[in-house]
Amino acid sequence: MGVDAPGGERRVGRAVFLGTVAAGLSSLVWGRAAWSRVSSALGSTEGLVPLVPRGGWRIYTVSGSMPVFDPATWKLTIGGRVEEPASFTYEELRALPRVNQVSTFHCVTGWTVKNVHWGGVQMADVLARVRPLPEAGALQFVSMEQPYVDYLTLPQARLHDVMLAYEMDGKPLPREHGAPLRLIIPEMYGYKNVKWLREINVVRSPEPGYWEQLGYDQDAWVGRSNGY
């Protein structure tokens, strides 16, 4: 939804707006704040961010391309303020205790996809393995899609339905949905559900993530943030 424009200015591209209307989203009820942030950021040049409707989803990137997953080289590293830093290959991650859930995915722009079946690892289980230190208060989620990062507080990350998903609707996570691994937090809007994960850092406190730096809310609770 946003890219770095020349001169360091970040813009939300007009392509996003036009693509959204073309996809039929203009009839949805947008939060006042969310809409104003998108419309106020429209610049005089076309944006570089593709929006691809597929199966009820709208697929966004901030870099103009989607990262490629190589199972031979990919690892998820977890470090920072923990007692036991960890690193998992794709197969090692899949060997951890599995959880399944069905939830609704909400985008801050107003669209939803219901009854999405996710398979993966519960975030609380992963945290129990690395044992955050007493001063730890948040997690930084780093995407392979640079410069996308976002944060959750530790209490948010420990919610019962927060997970690291490697399967979607009974199949390995597709590239456009964040293969090989993405964060799922159903109670928050999609921009907090970081795709293409490669690193999780345990830190003292949350900082503004990619979209928060553009004005979106840090705590993206569905129906209770971003002007909704």
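The model is predicted; local features need pLDDT of at least 70, side-chain atom pairs count only at pLDDT 80 or more, and totals for chains, interfaces and linings use all residues. Residues are numbered from 1 along each chain as its sequence is written, and side-chain values use heavy atoms, without hydrogens and water.

The chain holds 5 helices and 14 strands. These are DSSP runs, numbered from the N terminus (helices: H or I, at least four residues; strands: E, at least two). Of the 228 residues, 50% are buried (under 20% relative accessible area, with a 1.4 Å probe and protein chains only).

Strand E5 (residues 75-80) pairs with strand E6 (residues 86-89) in the antiparallel sense, over 4 bridges. Two strands pair if DSSP finds at least two bridges between them. A hairpin of 5 residues joins E5 to E6. E5 also runs parallel to strand E14 (residues 197-203), again with 4 bridges. Thr77 stands opposite Ser87 in E6. Thr77 also stands opposite Glu199 in E14.

The structure contains 12 aromatic pairs. Rings of Phe, Tyr and Trp (its six-membered ring) pair if their centres lie within 6.5 Å; planes under 30 degrees apart count as stacked, over 60 as edge-to-face and the rest as tilted. The ring centres of Tyr210 and Trp211 lie 5.3 Å apart with planes at 80°, so this pair is edge-to-face. Trp211 and Tyr216 are also edge-to-face, because their centres are 5.4 Å apart and their planes at 75°. Tyr210 is buried at 2% relative accessibility, and Trp211 at 3%. Ring pairs link Tyr148, Tyr191, Tyr210, Trp211 and Tyr216 into a cluster.
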